[in-house]
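Please follow the paragraphs below with the sequence and the 3D view side by side.

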Amino acid sequence: MAVRVQGYVAALLFFGASQVTGIACSAMGRSKPWAFRGSIRAQSAAEVGTIMELHSKLPWVGTTIFSQMSQLAQQVGALNLSQGFPDFPADPRLLTALNQQVLAGHNQYAPMIGVAQLREQIATLTAHCYQRVVDPEHEITVTSGATEALFVAIQALVRPGDEVIVFDPAYDSYEPAVALAGGRTVHIQLDAPDFSVDWAEVAKAVTARTRLIIVNSPHNPTGMVFSAADFAALEALVVAHQLYCISDEVYEHMVFSAAPRTSAHRFAALAARSFIVSSFGKTFHVTGWKLGYCVAPMALSVEFRKIHQYVTFSSFTPAQYAIAQLLQHHGELVDELAGFYQAKRDLFRQLLAQSRLQLLPCAGTYFQLADYSAISELDDIEFCRWLTIEHGVAAIPLSVFSHAKPSTKIVRFCFAKQQSTLQQAAERLCLL
Ligand code: GLN
């Protein structure tokens, strides 16, 4: 297979090849503080030789841009608006519930498919949000974050030689999972400012080898949200060509301006051929709990579970009980999430109104894209490094999410932050 160096991979090589191989570590030199991480010892030539003989299955992959930027932010003491996670605590009732569940003795393996109470709450939530009835016994599987669900769904579907359509900018975990399954990603580039999908172009990309389309709405990193027409077009393609779909909906409850939550759940023929993935880490501000789930029809779930049982077997038990408890008694929190994050989006945008950053539309998620072309000639990777080191605000370059590294000068900020963090960051950004 030809080694395709993806945008984000190039960034990784640039930022942190030192973490992956001792050779790169010494070659890049210590004059570039961002290129050397002291925690990784240099490897001997013999050790490096051993590593080379492994013939990596993912030769182009390094450490993710999220790890790199968070690490750089920590090293230089910058405000971290790069990796997507809240800097405020979760609801105290959830934290109390977790403590209660631990003390109540829920500390052994959960059932492989997930704790029954949680699967029932997920079915209730799916009916509430999308009016879709799903069977908690056969169609819902609890996973260790959405990341595991995406990985398992891809392994369940993709066979050697299969093509998988992804939309760039794309979340970084899709392509390595497809490659490990022996498949090949086919990239369709979405462009600023609205990052909308041209479904006629997608139809042209479908070949006899196409097996799967992966979509993500609300979309990381752009904040774009699919319309009902988008899902209808996707459904038509999937049905016409007997494809499968993975719908990554981890930001499903963060859709602004009171717009309806669109979802693959609402399209019966699409849902019948889809793995729909979500994450409690996003919904309840606990990304570190790594708890997610996958909804898929029984026949697909059977295959999904065959793999899930050998990847993690089951997920963190007390958190499953705690989230089931919260959903049962405070399900309204899920409906309040969009308003909560819309207020943060509006505050952040308002604070940046006087800056020279040009803000792109943001209809959902907790990410805000900004065009910095009025500020700097640097490419987006260099710009993020400069911004972090020289101005104390960490962001994520947009180009790293795309196969064809676009030359746009756009970066991503995460606004899942306390008001004071957003204010401090905006003060710094307004000085640029
Ligand atoms: N999804 C998070 C983001 O986009 C990162 C998760 C991770 O670091 N793997 O920032």
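In strand β13, V411 is the bridge partner of A370. Strands, like helices, are DSSP runs numbered from the N terminus, of type E with at least two residues for strands and of type H or I with at least four for helices. This is a predicted model, in which local features need pLDDT of at least 70 and side-chain atom pairs count only at pLDDT 80 or more, while totals for chains, interfaces and linings use all residues. Residues are numbered from 1 along each chain as its sequence is written.

Strand β10 (residues 367-371) and strand β13 (residues 410-414) run antiparallel and are joined by five bridges, where pairing requires that DSSP finds at least two bridges between two strands. They belong to an open sheet of four strands, ordered β9-β10-β13-β12 with antiparallel pairing. β9 (358-359) and β12 (396-397) stand at the edges with a single partner strand each, so one side of each is left without a neighbour in the sheet.

Turning to the helices, the axes of α7 (residues 145-157) and α13 (residues 298-311) come within 9 Å and cross at roughly 125°, the axes being lines fitted to C-alpha atoms over the stretch in contact and the angles running from 0 to 180 degrees between N-to-C directions. That makes α7 oblique to α13, since angles under 35 degrees count as roughly parallel, over 145 as roughly antiparallel, 65 to 115 as roughly perpendicular and the rest as oblique. The contact, which requires C-beta atoms placed from the backbone to lie within 7 Å, is made by E148, V152, A153, Q155 and A156 of α7 and E303, F304, I307, H308 and V311 of α13.

Terms used:
Two residues are in contact if their C-beta atoms, placed from the backbone, lie within 7 Å.
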